[in-house]
Amino acid sequence: METTLVSTEVKDYVPEFNPETGKYEDKAPWRWGTTAHSTYKCFCNGYILENRAKFNAHCKGKGHKKALENYKNQSEDMEKRDMRVELEMLKREKQQMEKEQRILERNILELKEKVVSVKRENTKLEEANLALYRELHPSEDEFEDAEEN
């Protein structure tokens, strides 16, 4: 007995566009004569298409025919909706990036102020260190003249 693998995934059925008529037309998504094939879900109402006989019967229905006539408009409307959704997502991402940029700029300013503060503190410590050194090593002249021979 021979076994074959059958996909359990339900794929979306999409009609084919005929450039000669400018309309979408139904074409069975399976190759003629095959028995093991995928299951499809129709765009018009979500009807599950399991085989060519069910596909042909479904495509003759009034609801499917009307949906097929409006498929171009429906797909264009979906594209516009998808574009609006994408635009809205891009706007949100831009706002988030601008917010993060403001936070980073604020952090940079705070760090610069801390660097200046640390440099001031370092200068004070160096001056105090120099004063202590002078106290511990008193001399009349800090610099001695080099003897000439």
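Biologist: Where does Ser-38 lie?
Modeller: Ser-38 is in the loop between strand S3 (23-25) and strand S4 (39-41). Helices (H or I, at least four residues) and strands (E, at least two) are DSSP runs, numbered from the N terminus. This is a predicted model, so to speak of local features a pLDDT of at least 70 is needed, side-chain atom pairs count only at pLDDT 80 or more, and totals for chains, interfaces and linings use all residues. Residues are numbered from 1 along each chain as its sequence is written, and side-chain values use heavy atoms, with hydrogens and water left out.

Biologist: Is Ser-38 buried or exposed?
Modeller: Ser-38 counts as buried because its relative accessibility is 13%. Buried means under 20% relative accessible area, exposed over 50%, and partly exposed in between (1.4 Å probe, protein chains only).

Biologist: What does the side chain of Ser-38 make a polar contact with?
Modeller: With the side chain of Lys-11, at 3.4 Å. A polar contact is a pair of N or O atoms within 3.5 Å; within protein, one must be able to donate a hydrogen and the other to accept it, and residues adjacent in sequence count only if both atoms are side-chain atoms.

Biologist: Stepping back, how many helices and strands in the protein chain?
Modeller: There are three helices and five strands, in the order β-β-β-β-β-α-α-α from the N terminus. Of the 149 residues, 13% count as buried.

Biologist: On to H1. Which residues are buried there?
Modeller: Phe-55, His-58 and Cys-59. They sit on the same side of H1, because they cover an arc of only 95 degrees around the axis; the arc is that of the directions from the helix axis to the C-beta atoms.

Biologist: And which exposed residues are on the face turned away?
Modeller: Ala-53 and Ala-57 are carried there.

Biologist: What covers the buried residues of H1?
Modeller: The cover includes strand S5 (48-49) and helix H2 (62-69). At the start of H1, a side-chain oxygen of Asn-51 comes within 3.2 Å of the backbone nitrogen of Ala-53.

Biologist: Back to His-58. What does it touch?
Modeller: Leaving out residues up to four places away in sequence, His-58 touches Cys-42, Cys-44, Asn-45, Tyr-47, Leu-49 and His-64. Contact means heavy atoms within 4.5 Å. The side chains of His-58 and His-64 are joined by a polar contact of 3.3 Å. His-58 is in helix H1 (residues 52-59) and counts as buried because its relative accessibility is 13%.

Biologist: Which residues of H2 are buried?
Modeller: His-64, Ala-67 and Leu-68. Seen down the axis of H2, they fall within an arc of 100 degrees, so they line one face of the helix. The face turned away from that buried side has the exposed residues Lys-62, Lys-66 and Glu-69.

Biologist: Different topic. How many aromatic pairs?
Modeller: Five. Rings of Phe, Tyr and Trp (its six-membered ring) pair if their centres lie within 6.5 Å; planes under 30 degrees apart count as stacked, over 60 as edge-to-face and the rest as tilted. Tyr-13 and Phe-55 have ring centres 5.3 Å apart and planes at 75 degrees, so that pair is edge-to-face. The pair links distant parts of the chain, with Tyr-13 in the loop between strand S1 (10-12) and strand S2 (16-18) and Phe-55 in helix H1, 42 residues apart. Both Tyr-13 and Phe-55 are buried.

Biologist: What about Trp-30 and Tyr-40?
Modeller: They form an edge-to-face aromatic pair, 5.6 Å centre to centre with 75 degrees between the planes. Trp-30 lies in the loop between S3 and S4 and Tyr-40 in strand S4, so the pair ties together parts 10 residues apart in sequence. Both Trp-30 and Tyr-40 are buried.

Biologist: Which residues do the ring pairs link into a cluster?
Modeller: Tyr-13, Trp-30, Tyr-40, Phe-43 and Phe-55.

Biologist: Last one. How many disulfides?
Modeller: Zero in the whole structure; a disulfide is a pair of cysteine sulfur atoms within 2.5 Å. Cys-42 is in no disulfide, and its nearest cysteine sulfur, that of Cys-44, is 3.4 Å away. Cys-42 counts as buried because its relative accessibility is 3%. Cys-59 is in no disulfide either, with the nearest cysteine sulfur, that of Cys-42, 6.3 Å away. Cys-59 is buried, with a relative accessible area of 12%.
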